Amino acid sequence: MPVVKADHAQCQGYANCVVGADDTFDLDDDGVVVVLRLEIPDPAVRAGGGQSWCPADAGPGGPPS
Amino acid sequence: MLGRAARHLDVAGAFVELVDGERLAYDDVVVATGARPRLSPWGKPAGVHYLRTMEDAEGLRADLGRGGPLVTTGAGFIGAEVAATARQLGVEDITLIDPAPVPMGRVIDPATAGRLGAVHREHGVTTVFGTAVEAVESVGCSLMVRLAGGAVLDAATVVVGIGAVVNDEWLASSGLPVGGGLRCDERCRAVGAPRVHAVGDVARWRHAGYGALVRTEHWTNAVEQARYVAADIVGPGGQGPYQPVGYVWSDQYEAKIQVIGRTGVGLDPVTVERTGAARSFAVLYAGAAGALVGAVTVSWPKAAIAVRRALKVDTPLAEVYAAIGGLPAPAPSTL
């Protein structure tokens with residue numbers, strides 16, 4: 001089962017993860033990522049949340065290679 | 001294939017020709033040749049920099065490590081971010097110059113851009129707006145920047161950030177419609193050549209939502225458009241038109257500036273100040289029917305998220321105003 005991780009130190013608040021998968025990510029009042037659930041039961045959901053690429057490489061999508 | 005440029009695209013023959021003459025046949029071809037910095041009209045003596053590549057950034061950092069004065073010509077995203085970053089690196093003497101009356105005036109309305117210009121001055125950066133640079137000259141080991149009106153600035157380092165030029169010249173022999181980018185339809189397919197696709201800075205595509213040709217030079221679009229085109233190639237017609245909500249950010253000092261959708265000149269801005277947070281606000285822009293069409297948020301990421309969500313569907317500006325501000329919307333006459 002895919003595990004959701006986020007690097008709070010890397011997060012810059014660009015929020016692409018939230019826009020791509022708002023059932024999994026949110027931002028706190030300081031603009032730092034908050035993980036709403038630690039596991040994604042359906043791997044297809046992860047693919048569907050593929051827009052959660054992160055410019056700061058703080059999320060599971062990472063920057064484009 | 002790195003280090004070998006393409007010099008010709010032959011639509012009828014369905015091949016791309018490289019500079020060494022090799023021909024690569026294709027079923028589909030993606031044009032992603034990007035853009036390059038607009039060259040300095042004042043020459044490029046030692047100490048003058050562009051900022052596009054990693055090598056550019058490393059060269060600039062090395063020069064800034066020797067201290068100022070630093071002059072940035074152009075107060076768009078590049079100039080403004082360089083000024084802010086240099087200040088945070090400890091460079092003392094910085095001047096930000098632009099012929100426009102405010103920084104980032106191409107994408108942000110004048111009043112909001114004026115507030116952002118003030119942030120530079122609060123951090124000790126000298127701003128010279130509404131004034132053109134006439135010359136950058138090498139004098140001994142330093143530089144001299146001559147302004148319209150006769151003022152002269154000494155500089156150790158000059159950054160030229162005056163826009164980008166599209167790398168579409170190599171397509172001139174293809175017969176494809178180029179000039180300011182490769183002209184594409186709503187699915188990012190070149191007009192008249194549906195197996196030729198374009199992504200990123202070089203693509204000028206018809207945005208169905210805006211009803212206009214659009215070219216976007218920012219990170220988010222390059223990623224989203226590449227995803228779209230890849231899906232279009234493997235499953236043609238499986239998606240609707242490519243009509244993203246534009247999104248770009250800029251980090252300057254402590255300010256996180258996020259620009260979403262349509263903003264800037266010709267739209268009436270409505271500002272929401274964030275309660276309890278100085279220098280944190282959102283500027284909302286409405287279209288003719290009163291629907292939100294875009295926003296600029298400053299140090300307020302949650303407002304930016306609310307705007308991005310609202311722009312996925314037609315949402316009245318007043319509704320977004322109330323949601324992010326926690327306040328009743330202003331009277332309709334003020335929207």
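Colleague: What separates the centres of domain 1 and domain 2 of chain B?

Modeller: In this predicted model, the two centres, taken over C-alpha atoms, lie 32 Å apart.

Colleague: And which residues does each domain of chain B cover?

Modeller: The domain assignment places domain 1 at 48–164, domain 2 at 168–234 and domain 3 at 254–334.

Colleague: Turning to helix H6 of chain B, which of its residues are buried?

Modeller: H6 spans residues 317–325, and the buried ones are B:Leu317, B:Ala318, B:Val320, B:Tyr321, B:Ile324 and B:Gly325.

Colleague: Why do the buried residues of H6(B) line one face of the helix?

Modeller: Viewed down the axis of H6(B), they fall within an arc of 160°, so they line one face. As a general point, an α-helix has 3.6 residues a turn, so residues three or four places apart point the same way.

Colleague: At what angle do H5(B) and H6(B) pack?

Modeller: The angle is about 150°, and the axes are 10 Å apart. The two helices are therefore roughly antiparallel to each other, and H5(B) passes H6(B) in a right-handed crossing.

Colleague: Which residues meet there?

Modeller: From H5(B), B:Ala303, B:Ala306, B:Val307 and B:Ala310 meet B:Val320, B:Ala323 and B:Ile324 of H6(B).

Colleague: Last one: what follows H6(B)?

Modeller: B:Gly326 follows H6(B), and the phi of B:Gly326 is positive, near 65°.

Note on methods:
Residues numbered from 1 in each chain as written. Chains lettered and ligands numbered in written order. Predicted model: local features only at pLDDT ≥ 70, side-chain atom pairs only at ≥ 80, totals over all residues. Buried ≥ 20, exposed ≤ 12 C-beta atoms within 10 Å, placed from the backbone. Helix = DSSP H or I, 4+ residues; strand = E, 2+ residues; numbered from the N terminus. Arc of directions from axis to C-beta. Domains from an automatic or database assignment. Axes fitted to C-alpha atoms, helices over the stretch in contact; angles between N-to-C directions. Parallel < 35°, antiparallel > 145°, perpendicular 65-115°, else oblique. Left-handed = near helix turned anticlockwise from the far one by under 90°. Contact = placed C-beta atoms within 7 Å.
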